[in-house]
Structure formats: structure tokens, C-alpha cells
Amino acid sequence: MNARSDGLPIGALSKQTGCNIETIRYYEKAGLLPTPARSPAGYRRYGSADLKRLSFIRRARALGFSIEEVRKLLKLADERRRPCAEVRVVAGAHLEDVQAKIADLRAMERVLRETVAKCASGRSADCPLIESLSREDPGNPSTLAASHVRAHRKESERSAWD
């Protein structure tokens, strides 16, 4: 019997990594985790390499990397001969996306703070918050800026991986 078939059952892997069992199965179906060995009874068995890989995936996801970004990072990690610069491209693009989200959140915070301040008395028949949410504001500069950054990031990713 090999080491993987003697390894951890899925429940133990779940407990050690803090990853939900269904999420582990999803990562297998998505190809992020290899198909596990099976015990003679047909139960999944995971080795130390699987534990390490799942921990990598969990940390990357906790940092907000998408499934596709994690896939790229895993491919680069599996092919150690590839230069760190390629990992930097993926991480740099993700950093731009995070910065755009932060800018969007700051803009939302400002608008919400202003709107809540208008509602301070709570006595008006017309609610400024409802009015604000009812208005369409396609020209919001923070939304346009974030869209521009995301479009630029996707273009950078395409050129880096083509």
C-alpha cells in the first residue's frame, strides 16, 4: 500500500486546513487538487503533498486570488524552473485589482457617510438614502476608474500569458 492510501481521510484534511469538505471536492473537480488515492473501501486518502497544496490554495484564496489566478500560481509553483517574474505578474495584477476595490470602498464609504449624515434627524418624509439609491449615477468617477484598472489588468494578464 502506498503512502497516499495510508494518508488522511477527507474529514481530517478538512480539519487540518480549515477547508470545508465540499470545497475540497470542488478544488478536485476544478483540477486544483489532484485526484486523491483511495482506500480499499473507496474513501479518499490525502498525503502530505495534498495537505501542502490545499494550504497553498487556501492562503491564496484568503488573499483574494481568483480560482484562475490560483491555477496560474499553482502551475508556476509546480514548474519551479519558471522565473519568479511570472509570479510577480499575477500578483501585481491582483494588487491592482485590490487597490481598485479599496478605492471603490472608500468612495462608497464617503457617499454612505454623507447620506447617513443627511438622514441624521430622521424626521423628513423624503429619505435621502432611498433617493440616493434610486438615482442612476453612471458617471461616478471611482466606478469608472476601477473599471479602467480592471480592464488594464485583464489586458496585462492576457499579454503575459499568451
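Me: In which helix is the place of M108?
Reply: Residues are numbered from 1 along each chain as its sequence is written. The model is predicted, so local features need pLDDT of at least 70 and side-chain atom pairs pLDDT 80 or more, while totals for chains, interfaces and linings use all residues, and side-chain values use heavy atoms, leaving out hydrogens and water. Helices are DSSP runs of H or I with at least four residues, strands are E runs of at least two, and numbering starts at the N terminus. M108 has its place in residues 84–118, which make up helix α5.

Me: How many helices and strands does the protein have, and what pattern does the protein follow along the sequence?
Reply: The protein has seven helices and two strands. Read along the sequence, the pattern is α-α-β-β-α-α-α-α-α.

Me: What percentage of the residues of the protein count as buried?
Reply: The protein has 162 residues. The part of them that counts as buried is 28%.

Me: Is C19 buried or exposed? And is C84 buried or exposed?
Reply: C19 has a relative accessible area of 1%, so C19 is buried. For C84 the relative accessible area is 62%, so C84 is exposed.

Me: How many disulfides does a search of the whole structure find?
Reply: A disulfide is a covalent bond between the sulfur atoms of two cysteines. Here the test is a pair of cysteine sulfur atoms within 2.5 Å. The search of the whole structure gives a disulfide count of zero.

Me: What is the aromatic pair of Y26 and Y27: stacked, edge-to-face or tilted?
Reply: Rings of Phe, Tyr and Trp (its six-membered ring) pair if their centres lie within 6.5 Å; planes under 30 degrees apart are stacked, over 60 edge-to-face, and the rest tilted. By this rule there is one aromatic pair. Y26 and Y27 form it, at 6.0 Å centre to centre and 55° between the planes, so the pair is tilted.

Me: Is Y27 buried or partly exposed, and what about Y26?
Reply: Y27 has 6% relative accessibility, so Y27 is buried. Y26 has a relative accessible area of 44%, so Y26 is partly exposed.

Me: R53 lies in helix α3. With which side chain does the side chain of R53 make a polar contact?
Reply: Helix α3 spans residues 48–62, and R53 is buried there because its relative accessibility is 19%. A polar contact is a pair of N or O atoms within 3.5 Å; within protein, one must be able to donate a hydrogen and the other to accept it, and residues adjacent in sequence count only if both atoms are side-chain atoms. A polar atom of the R53 side chain lies 2.6 Å from the backbone oxygen of L32. The side-chain partner, at 3.0 Å, is D78.

Me: How many salt bridges does the structure hold?
Reply: A salt bridge is a side-chain nitrogen of Lys or Arg within 4 Å of a carboxyl oxygen of Asp or Glu. One of them joins E22 and R25, with the closest N and O atoms 2.6 Å apart. Both lie in helix α2 (residues 21–29), three residues apart, about one turn of the helix. The structure's salt bridge count is seven.

Me: Why are E68 and R71 separated by about one helical turn, and in which helix?
Reply: Their side chains meet in a salt bridge of 3.1 Å, N to O. E68, at 45% relative accessibility, counts as partly exposed, and R71 is partly exposed at 29%. They sit about one turn apart because they are three residues apart in residues 67–78, helix α4.

Me: How far are the C-alpha atoms of F65 and L95 separated?
Reply: F65 has its place in the loop between α3 and α4. It is buried, with a relative accessible area of 9%. F65 and L95 are 30 residues apart along the chain, and their C-alpha atoms are separated by 9.6 Å.

Notes
Buried means under 20% relative accessible area, exposed over 50%, partly exposed in between (1.4 Å probe, protein chains only).
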